[in-house]
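Student: Hi! Could you walk me through this one?
Tutor: Happy to, let's have a look together.

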Amino acid sequence: MAIALLRVFSPIEFPIGLGVEGDLRGKVVTKYDGNLERKKQRWKMCSLYTDSKYACVSFDPEGNGNFMIRSSMVASPREEFISSEQRVYDVVLKQAALVREQGRLTTPLDVKPDMAVPGALYLLKEAYDRCGEVCAEYAKTFYLGTLLMTPERRRAIWAIYVWCRRTDELVDGPNASHITPSALDRWESRLEDLFAGRPYDMFDAALSDTVSQFPVDIQPFKDMVEGMRLDLKKSRYKNFDELYLYCYYVAGTVGLMSVPVMGIAPESQATTESVYNAALSLGIANQLTNILRDVGEDARRGRIYLPQDELAQAGLSDEDVFSGKVTDKWRNFMKKQIKRARMFFQEAEKGVTELSQASRWPVLASLLLYRQILDEIEKNDYNNFTKRAYVSKAKKLASLPIAYGRSLISPASIKRQSSLLKG
(Lines give C-alpha, C1' and ligand atoms only; values in the text may rest on other atoms or scores of the structure.)
Protein backbone atom coordinates (compact mmCIF):
# COMPACT_ATOMS: atom_id res chain seq x y z
CA MET A 1 0.00 0.00 0.00
CA ALA A 2 1.55 3.25 -1.09
CA ILE A 3 1.64 6.24 1.21
CA ALA A 4 2.38 9.58 -0.40
CA LEU A 5 2.54 12.75 1.65
CA LEU A 6 2.34 16.38 0.65
CA ARG A 7 3.35 19.08 3.11
CA VAL A 8 1.97 22.61 2.72
CA PHE A 9 3.68 25.31 4.77
CA SER A 10 2.35 28.49 6.28
CA PRO A 11 4.62 31.25 7.61
CA ILE A 12 2.60 31.42 10.84
CA GLU A 13 4.37 30.22 13.99
CA PHE A 14 2.15 27.87 16.00
CA PRO A 15 2.68 25.27 18.76
CA ILE A 16 2.56 21.76 17.34
CA GLY A 17 2.60 18.49 19.21
CA LEU A 18 1.06 15.06 19.30
CA GLY A 19 -1.88 15.97 17.10
CA VAL A 20 -4.68 14.80 19.45
CA GLU A 21 -7.42 17.28 20.24
CA GLY A 22 -10.46 16.72 22.43
CA ASP A 23 -12.81 16.14 19.50
CA LEU A 24 -10.30 14.00 17.55
CA ARG A 25 -11.24 15.43 14.17
CA GLY A 26 -7.94 14.91 12.47
CA LYS A 27 -6.42 18.16 13.71
CA VAL A 28 -2.67 18.35 13.74
CA VAL A 29 -1.94 21.45 15.78
CA THR A 30 -1.91 21.09 19.58
CA LYS A 31 0.53 20.73 22.52
CA TYR A 32 2.27 17.69 23.94
CA ASP A 33 0.94 18.59 27.38
CA GLY A 34 1.23 21.35 29.95
CA ASN A 35 4.95 20.70 30.44
CA LEU A 36 6.16 20.81 26.85
CA GLU A 37 5.52 23.05 23.90
CA ARG A 38 7.52 23.21 20.70
CA LYS A 39 7.32 26.04 18.22
CA LYS A 40 7.30 25.00 14.61
CA GLN A 41 5.90 26.26 11.37
CA ARG A 42 2.24 25.49 11.04
CA TRP A 43 1.56 22.92 8.37
CA LYS A 44 -1.14 20.76 6.91
CA MET A 45 -0.54 17.12 6.10
CA CYS A 46 -2.32 16.02 2.97
CA SER A 47 -2.41 12.53 1.52
CA LEU A 48 -2.55 11.28 -2.05
CA TYR A 49 -3.69 7.69 -2.63
CA THR A 50 -5.27 5.67 -5.38
CA ASP A 51 -8.13 4.84 -3.00
CA SER A 52 -8.18 7.81 -0.64
CA LYS A 53 -11.39 8.79 1.11
CA TYR A 54 -10.05 12.05 2.48
CA ALA A 55 -8.62 14.91 0.48
CA CYS A 56 -6.71 16.55 3.32
CA VAL A 57 -6.26 15.13 6.78
CA SER A 58 -6.04 18.49 8.52
CA PHE A 59 -9.66 19.16 7.57
CA ASP A 60 -12.61 17.65 9.43
CA PRO A 61 -13.01 14.14 7.94
CA GLU A 62 -16.60 13.93 9.16
CA GLY A 63 -17.56 16.68 6.78
CA ASN A 64 -17.14 14.55 3.68
CA GLY A 65 -19.88 12.10 4.59
CA ASN A 66 -17.62 9.06 4.44
CA PHE A 67 -16.51 9.08 8.07
CA MET A 68 -17.99 5.98 9.69
CA ILE A 69 -18.25 5.47 13.43
CA ARG A 70 -17.10 1.97 14.31
CA SER A 71 -16.52 0.27 17.65
CA SER A 72 -14.68 -2.92 18.51
CA MET A 73 -15.40 -5.05 21.55
CA VAL A 74 -13.21 -8.05 22.25
CA ALA A 75 -15.91 -9.95 24.09
CA SER A 76 -19.37 -10.56 22.71
CA PRO A 77 -22.31 -11.38 25.04
CA ARG A 78 -21.84 -15.09 24.22
CA GLU A 79 -18.24 -14.86 25.46
CA GLU A 80 -19.32 -13.51 28.84
CA PHE A 81 -18.07 -16.54 30.76
CA ILE A 82 -14.72 -16.94 28.98
CA SER A 83 -11.84 -16.08 31.30
CA SER A 84 -9.78 -12.97 30.64
CA GLU A 85 -6.66 -15.11 30.25
CA GLN A 86 -8.29 -17.16 27.48
CA ARG A 87 -9.48 -14.07 25.62
CA VAL A 88 -6.00 -12.58 25.74
CA TYR A 89 -4.30 -15.84 24.81
CA ASP A 90 -6.46 -16.04 21.69
CA VAL A 91 -4.97 -12.69 20.62
CA VAL A 92 -1.47 -14.02 21.39
CA LEU A 93 -2.06 -17.07 19.19
CA LYS A 94 -3.33 -14.93 16.33
CA GLN A 95 -0.31 -12.60 16.48
CA ALA A 96 2.14 -15.51 16.74
CA ALA A 97 0.52 -17.20 13.75
CA LEU A 98 0.89 -14.00 11.73
CA VAL A 99 4.60 -13.94 12.47
CA ARG A 100 5.02 -17.61 11.59
CA GLU A 101 3.31 -17.08 8.24
CA GLN A 102 6.00 -14.62 7.23
CA GLY A 103 8.87 -16.25 9.09
CA ARG A 104 10.45 -15.15 12.36
CA LEU A 105 11.70 -11.81 11.17
CA THR A 106 15.31 -10.77 11.44
CA THR A 107 14.84 -7.88 9.00
CA PRO A 108 11.77 -5.88 7.91
CA LEU A 109 9.71 -7.10 5.01
CA ASP A 110 10.70 -5.81 1.59
CA VAL A 111 7.74 -3.66 0.68
CA LYS A 112 7.85 -1.83 -2.62
CA PRO A 113 5.64 1.25 -2.99
CA ASP A 114 2.91 1.24 -5.60
CA MET A 115 3.85 4.73 -6.65
CA ALA A 116 6.58 7.23 -5.91
CA VAL A 117 6.02 10.89 -5.21
CA PRO A 118 9.00 13.28 -5.15
CA GLY A 119 9.87 14.15 -1.57
CA ALA A 120 7.63 11.45 -0.05
CA LEU A 121 10.54 9.48 1.42
CA TYR A 122 11.98 12.66 2.93
CA LEU A 123 8.64 13.51 4.56
CA LEU A 124 8.29 9.98 5.89
CA LYS A 125 11.78 10.21 7.39
CA GLU A 126 10.81 13.49 9.02
CA ALA A 127 7.68 11.83 10.44
CA TYR A 128 9.80 9.09 12.00
CA ASP A 129 12.26 11.68 13.34
CA ARG A 130 9.41 13.54 15.06
CA CYS A 131 8.31 10.25 16.65
CA GLY A 132 11.87 9.84 17.89
CA GLU A 133 11.76 13.31 19.45
CA VAL A 134 8.60 12.45 21.37
CA CYS A 135 10.09 9.16 22.57
CA ALA A 136 13.28 10.94 23.65
CA GLU A 137 11.27 13.51 25.61
CA TYR A 138 8.95 11.15 27.46
CA ALA A 139 10.83 7.84 27.66
CA LYS A 140 14.48 8.83 27.92
CA THR A 141 15.85 5.51 29.12
CA PHE A 142 13.90 3.48 26.61
CA TYR A 143 14.87 5.89 23.84
CA LEU A 144 18.56 5.37 24.60
CA GLY A 145 18.00 1.65 24.30
CA THR A 146 16.33 1.98 20.93
CA LEU A 147 19.47 3.65 19.57
CA LEU A 148 21.14 0.22 19.73
CA MET A 149 18.54 -1.24 17.36
CA THR A 150 18.81 -1.26 13.60
CA PRO A 151 17.48 1.98 12.03
CA GLU A 152 14.37 0.19 10.69
CA ARG A 153 13.45 -1.32 14.06
CA ARG A 154 14.27 1.88 15.92
CA ARG A 155 11.95 4.02 13.80
CA ALA A 156 9.16 1.45 13.98
CA ILE A 157 9.31 1.28 17.79
CA TRP A 158 9.20 5.08 17.95
CA ALA A 159 6.07 5.11 15.79
CA ILE A 160 4.36 2.50 17.98
CA TYR A 161 5.35 4.35 21.15
CA VAL A 162 3.88 7.64 19.91
CA TRP A 163 0.57 6.03 18.90
CA CYS A 164 0.30 4.38 22.34
CA ARG A 165 1.08 7.65 24.10
CA ARG A 166 -1.47 9.56 22.06
CA THR A 167 -4.07 6.90 22.82
CA ASP A 168 -3.31 6.97 26.54
CA GLU A 169 -3.55 10.77 26.64
CA LEU A 170 -7.12 10.59 25.35
CA VAL A 171 -8.22 9.66 28.87
CA ASP A 172 -5.27 10.91 30.93
CA GLY A 173 -4.16 13.99 29.02
CA PRO A 174 -5.20 17.66 29.18
CA ASN A 175 -8.30 17.08 27.04
CA ALA A 176 -9.46 13.98 28.95
CA SER A 177 -12.54 15.70 30.38
CA HIS A 178 -13.85 16.25 26.85
CA ILE A 179 -13.33 12.69 25.61
CA THR A 180 -16.50 10.70 24.96
CA PRO A 181 -17.13 7.12 23.79
CA SER A 182 -17.90 8.44 20.30
CA ALA A 183 -14.52 10.19 20.26
CA LEU A 184 -12.86 6.85 20.95
CA ASP A 185 -14.94 5.31 18.17
CA ARG A 186 -13.57 7.94 15.80
CA TRP A 187 -10.03 7.24 17.04
CA GLU A 188 -10.53 3.53 16.31
CA SER A 189 -11.91 4.31 12.86
CA ARG A 190 -8.84 6.42 12.27
CA LEU A 191 -6.70 3.44 13.35
CA GLU A 192 -8.39 1.22 10.79
CA ASP A 193 -7.70 3.77 8.07
CA LEU A 194 -4.10 3.96 9.22
CA PHE A 195 -3.70 0.19 8.82
CA ALA A 196 -5.30 0.49 5.38
CA GLY A 197 -2.61 2.99 4.33
CA ARG A 198 -4.70 6.15 4.82
CA PRO A 199 -2.96 8.12 7.62
CA TYR A 200 -4.36 11.38 8.92
CA ASP A 201 -1.15 13.09 9.98
CA MET A 202 2.61 12.63 10.11
CA PHE A 203 2.56 10.44 13.23
CA ASP A 204 -0.08 8.20 11.67
CA ALA A 205 2.00 8.08 8.50
CA ALA A 206 4.99 6.73 10.41
CA LEU A 207 2.91 3.97 12.01
CA SER A 208 1.14 3.20 8.74
CA ASP A 209 4.53 2.65 7.14
CA THR A 210 5.62 0.49 10.09
CA VAL A 211 2.66 -1.88 9.91
CA SER A 212 3.22 -2.27 6.18
CA GLN A 213 6.77 -3.50 6.82
CA PHE A 214 6.34 -5.72 9.88
CA PRO A 215 3.75 -8.46 10.63
CA VAL A 216 1.90 -6.33 13.18
CA ASP A 217 -1.75 -7.22 13.75
CA ILE A 218 -4.34 -4.53 14.36
CA GLN A 219 -6.08 -6.34 17.24
CA PRO A 220 -3.69 -5.25 20.05
CA PHE A 221 -4.11 -1.64 18.89
CA LYS A 222 -7.89 -1.94 18.94
CA ASP A 223 -7.71 -3.60 22.34
CA MET A 224 -5.75 -0.64 23.71
CA VAL A 225 -8.57 1.65 22.58
CA GLU A 226 -10.93 -0.71 24.41
CA GLY A 227 -8.88 -0.11 27.54
CA MET A 228 -9.50 3.62 27.15
CA ARG A 229 -13.23 2.88 26.92
CA LEU A 230 -13.01 1.02 30.22
CA ASP A 231 -11.44 4.06 31.86
CA LEU A 232 -14.43 6.14 30.78
CA LYS A 233 -17.01 3.84 32.33
CA LYS A 234 -15.32 1.72 34.99
CA SER A 235 -13.54 2.69 38.21
CA ARG A 236 -13.70 -0.62 40.13
CA TYR A 237 -12.62 -4.19 39.34
CA LYS A 238 -14.35 -6.95 41.26
CA ASN A 239 -11.56 -9.53 40.95
CA PHE A 240 -8.15 -10.09 39.40
CA ASP A 241 -9.66 -11.66 36.28
CA GLU A 242 -11.25 -8.31 35.46
CA LEU A 243 -8.12 -6.39 36.40
CA TYR A 244 -5.94 -8.71 34.29
CA LEU A 245 -8.03 -7.95 31.21
CA TYR A 246 -7.72 -4.22 31.88
CA CYS A 247 -3.94 -4.53 32.31
CA TYR A 248 -3.78 -6.40 29.01
CA TYR A 249 -5.79 -3.71 27.24
CA VAL A 250 -3.71 -0.76 28.40
CA ALA A 251 -0.22 -2.30 28.67
CA GLY A 252 0.00 -5.96 27.66
CA THR A 253 -0.99 -4.91 24.16
CA VAL A 254 2.24 -2.92 23.85
CA GLY A 255 4.28 -6.10 24.08
CA LEU A 256 2.25 -7.77 21.34
CA MET A 257 2.67 -4.71 19.12
CA SER A 258 6.42 -4.58 19.67
CA VAL A 259 7.66 -8.17 19.32
CA PRO A 260 7.19 -8.30 15.52
CA VAL A 261 9.39 -5.22 15.27
CA MET A 262 11.99 -6.23 17.84
CA GLY A 263 12.36 -9.67 16.33
CA ILE A 264 13.21 -13.05 17.81
CA ALA A 265 16.86 -14.16 17.93
CA PRO A 266 17.70 -16.52 15.03
CA GLU A 267 19.33 -18.96 17.46
CA SER A 268 16.31 -19.00 19.78
CA GLN A 269 14.65 -22.38 20.19
CA ALA A 270 11.67 -20.96 22.06
CA THR A 271 8.23 -21.14 20.50
CA THR A 272 6.80 -17.95 19.05
CA GLU A 273 3.86 -18.19 21.45
CA SER A 274 6.16 -18.34 24.48
CA VAL A 275 7.99 -15.19 23.40
CA TYR A 276 4.69 -13.36 22.95
CA ASN A 277 3.48 -14.60 26.33
CA ALA A 278 6.63 -13.18 27.93
CA ALA A 279 6.05 -9.83 26.20
CA LEU A 280 2.48 -9.90 27.45
CA SER A 281 3.68 -10.67 30.98
CA LEU A 282 6.02 -7.68 30.93
CA GLY A 283 3.15 -5.39 30.00
CA ILE A 284 0.96 -6.86 32.75
CA ALA A 285 3.80 -6.53 35.29
CA ASN A 286 4.45 -2.91 34.33
CA GLN A 287 0.78 -1.99 34.62
CA LEU A 288 0.35 -3.75 37.96
CA THR A 289 3.39 -1.80 39.17
CA ASN A 290 1.82 1.45 37.93
CA ILE A 291 -1.36 0.60 39.81
CA LEU A 292 0.44 -0.18 43.07
CA ARG A 293 2.59 2.96 42.80
CA ASP A 294 -0.39 5.23 42.05
CA VAL A 295 -2.97 4.00 44.58
CA GLY A 296 -3.19 7.37 46.32
CA GLU A 297 -3.26 9.39 43.11
CA ASP A 298 -5.99 7.20 41.63
CA ALA A 299 -8.01 7.33 44.85
CA ARG A 300 -8.03 11.12 44.71
CA ARG A 301 -9.69 10.76 41.31
CA GLY A 302 -12.25 8.33 42.73
CA ARG A 303 -10.61 5.29 41.11
CA ILE A 304 -9.47 2.03 42.71
CA TYR A 305 -7.59 -0.34 40.44
CA LEU A 306 -7.36 -3.13 43.00
CA PRO A 307 -9.31 -6.42 43.09
CA GLN A 308 -12.37 -5.76 45.24
CA ASP A 309 -12.68 -9.35 46.42
CA GLU A 310 -9.04 -9.40 47.59
CA LEU A 311 -9.50 -6.12 49.43
CA ALA A 312 -12.48 -7.64 51.25
CA GLN A 313 -10.53 -10.82 52.07
CA ALA A 314 -7.86 -8.62 53.65
CA GLY A 315 -10.49 -6.88 55.77
CA LEU A 316 -10.26 -3.67 53.73
CA SER A 317 -12.82 -1.57 51.88
CA ASP A 318 -12.94 1.36 49.48
CA GLU A 319 -13.18 3.67 52.50
CA ASP A 320 -9.84 2.37 53.77
CA VAL A 321 -8.24 3.18 50.43
CA PHE A 322 -9.76 6.65 50.35
CA SER A 323 -8.71 7.38 53.94
CA GLY A 324 -5.12 6.55 53.01
CA LYS A 325 -4.02 5.03 56.30
CA VAL A 326 -1.20 2.49 56.32
CA THR A 327 -2.22 -0.33 58.65
CA ASP A 328 -1.04 -3.90 59.15
CA LYS A 329 -3.98 -5.07 57.03
CA TRP A 330 -2.86 -2.77 54.23
CA ARG A 331 0.76 -3.91 54.49
CA ASN A 332 -0.25 -7.57 54.25
CA PHE A 333 -2.52 -6.82 51.31
CA MET A 334 0.24 -4.93 49.50
CA LYS A 335 2.77 -7.72 50.10
CA LYS A 336 0.53 -10.13 48.17
CA GLN A 337 -0.04 -7.63 45.35
CA ILE A 338 3.70 -6.97 45.00
CA LYS A 339 4.43 -10.72 45.02
CA ARG A 340 2.04 -11.19 42.11
CA ALA A 341 3.60 -8.36 40.10
CA ARG A 342 7.06 -9.85 40.64
CA MET A 343 5.83 -13.21 39.34
CA PHE A 344 4.85 -11.53 36.08
CA PHE A 345 8.27 -9.87 35.87
CA GLN A 346 9.93 -13.27 36.35
CA GLU A 347 7.85 -14.74 33.55
CA ALA A 348 8.68 -11.80 31.30
CA GLU A 349 12.42 -12.07 31.89
CA LYS A 350 12.44 -15.60 30.47
CA GLY A 351 11.26 -14.33 27.12
CA VAL A 352 13.32 -11.14 26.84
CA THR A 353 16.45 -13.22 26.34
CA GLU A 354 14.85 -14.78 23.24
CA LEU A 355 14.59 -11.42 21.44
CA SER A 356 17.10 -10.34 18.84
CA GLN A 357 20.25 -9.08 20.52
CA ALA A 358 19.84 -5.46 19.38
CA SER A 359 16.37 -5.36 20.98
CA ARG A 360 17.14 -6.91 24.34
CA TRP A 361 18.83 -3.97 26.05
CA PRO A 362 15.95 -1.45 26.11
CA VAL A 363 13.48 -4.15 27.14
CA LEU A 364 15.71 -5.48 29.91
CA ALA A 365 16.40 -1.94 31.11
CA SER A 366 12.68 -1.26 31.29
CA LEU A 367 12.10 -4.51 33.17
CA LEU A 368 14.85 -3.91 35.74
CA LEU A 369 13.88 -0.29 36.35
CA TYR A 370 10.17 -0.96 36.70
CA ARG A 371 10.74 -3.91 39.01
CA GLN A 372 12.70 -1.60 41.32
CA ILE A 373 9.58 0.52 41.83
CA LEU A 374 8.16 -2.39 43.81
CA ASP A 375 11.28 -2.30 46.02
CA GLU A 376 10.70 1.41 46.61
CA ILE A 377 7.09 0.81 47.69
CA GLU A 378 8.40 -1.60 50.30
CA LYS A 379 11.02 0.93 51.44
CA ASN A 380 8.21 3.48 51.89
CA ASP A 381 6.58 1.04 54.34
CA TYR A 382 3.83 0.39 51.77
CA ASN A 383 2.68 4.00 51.95
CA ASN A 384 1.55 4.47 48.36
CA PHE A 385 -1.13 6.92 49.47
CA THR A 386 1.01 9.99 50.06
CA LYS A 387 4.49 8.84 48.97
CA ARG A 388 5.27 8.20 45.34
CA ALA A 389 7.73 5.36 44.85
CA TYR A 390 10.37 6.24 42.32
CA VAL A 391 13.78 4.95 41.31
CA SER A 392 16.56 7.49 41.80
CA LYS A 393 18.66 8.62 38.88
CA ALA A 394 21.71 6.93 40.38
CA LYS A 395 19.92 3.59 40.55
CA LYS A 396 18.68 4.00 37.00
CA LEU A 397 22.19 4.64 35.74
CA ALA A 398 23.48 1.65 37.71
CA SER A 399 20.84 -0.59 36.11
CA LEU A 400 21.71 0.27 32.52
CA PRO A 401 25.08 -1.51 32.33
CA ILE A 402 23.56 -4.53 34.09
CA ALA A 403 20.80 -4.68 31.49
CA TYR A 404 23.30 -4.19 28.70
CA GLY A 405 25.50 -7.00 29.99
CA ARG A 406 22.56 -9.39 30.13
CA SER A 407 21.50 -8.39 26.64
CA LEU A 408 24.79 -9.75 25.25
CA ILE A 409 24.04 -13.28 26.46
CA SER A 410 22.49 -15.36 23.67
CA PRO A 411 19.51 -17.68 24.23
CA ALA A 412 21.72 -20.65 23.36
CA SER A 413 24.19 -19.74 26.13
CA ILE A 414 21.39 -19.43 28.67
CA LYS A 415 20.02 -22.81 27.67
CA ARG A 416 23.47 -24.44 28.02
CA GLN A 417 23.92 -22.88 31.47
CA SER A 418 20.49 -24.13 32.51
CA SER A 419 21.31 -27.63 31.30
CA LEU A 420 24.59 -27.65 33.24
CA LEU A 421 22.84 -26.56 36.42
CA LYS A 422 20.22 -29.27 36.04
CA GLY A 423 22.93 -31.84 35.30
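Student: Let's start with F240. Is F240 buried or exposed?
Tutor: F240 is buried because its relative accessible area is 13%. Buried means under 20% relative accessible area, exposed means over 50%, and partly exposed is in between, with a 1.4 Å probe and protein chains only. This is a predicted model, where local features need pLDDT of at least 70, side-chain atom pairs count only at pLDDT 80 or more, and totals for chains, interfaces and linings use all residues. Residues are numbered from 1 along each chain as its sequence is written, and side-chain values use heavy atoms, with hydrogens and water left out.

Student: Where does F240 lie, and what does F240 touch?
Tutor: F240 belongs to helix 8. Helices are DSSP runs of H or I with at least four residues, strands are runs of E with at least two, and both are numbered from the N terminus. Not counting residues up to four places away in sequence, F240 touches L288, P307, D309, E310, R340 and F344. A contact means heavy atoms within 4.5 Å. F240 and P307 are 67 residues apart in sequence, yet their C-alpha atoms are 5.3 Å apart.

Student: Which residues of helix 13 are buried?
Tutor: Among them are W330, F333, R340, F344 and V352. The cover over the buried residues of helix 13 includes helix 8 (240-262), helix 9 (272-293) and helix 14 (357-379).

Student: What span should helix 13 have?
Tutor: Helix 13 (residues 328-352) has 25 residues and should span 36 Å at 1.5 Å a residue, and its end C-alpha atoms are 36 Å apart, which agrees. The expected span is 1.5 Å times one less than the number of residues. Helix 14, with 23 residues, should span 33 Å, and its end C-alpha atoms are 34 Å apart, which agrees. Just after helix 14, D381 takes a positive phi of about 60 degrees.

Student: Switching to charges: how many salt bridges are there?
Tutor: A search of the whole structure finds 33. A salt bridge is a side-chain nitrogen of Lys or Arg within 4 Å of a carboxyl oxygen of Asp or Glu. One of them pairs R190 with D201, with the closest N and O atoms 2.7 Å apart. R190 lies in helix 5 (residues 181-195) and D201 in the loop between helix 5 and helix 6 (202-213), so this pair ties together parts eleven residues apart in sequence. Both R190 and D201 are buried.

Student: What about R406, which residue is its partner?
Tutor: R406 forms a salt bridge with E349, the closest N and O atoms being 2.6 Å apart. R406 is in helix 15 and E349 in helix 13, so the pair ties together parts that are 57 residues apart in sequence. R406 is partly exposed at 34% relative accessible area, and E349 counts as partly exposed at 21%.

Student: And how confident is the predictor overall?
Tutor: The average pLDDT, the predictor's confidence in each residue from 0 to 100, is 77 for the protein, and 72% of the residues score at least 70. Over residues 1-81, pLDDT stays under 50, and the model has 206 contacts beyond four places in sequence for them.
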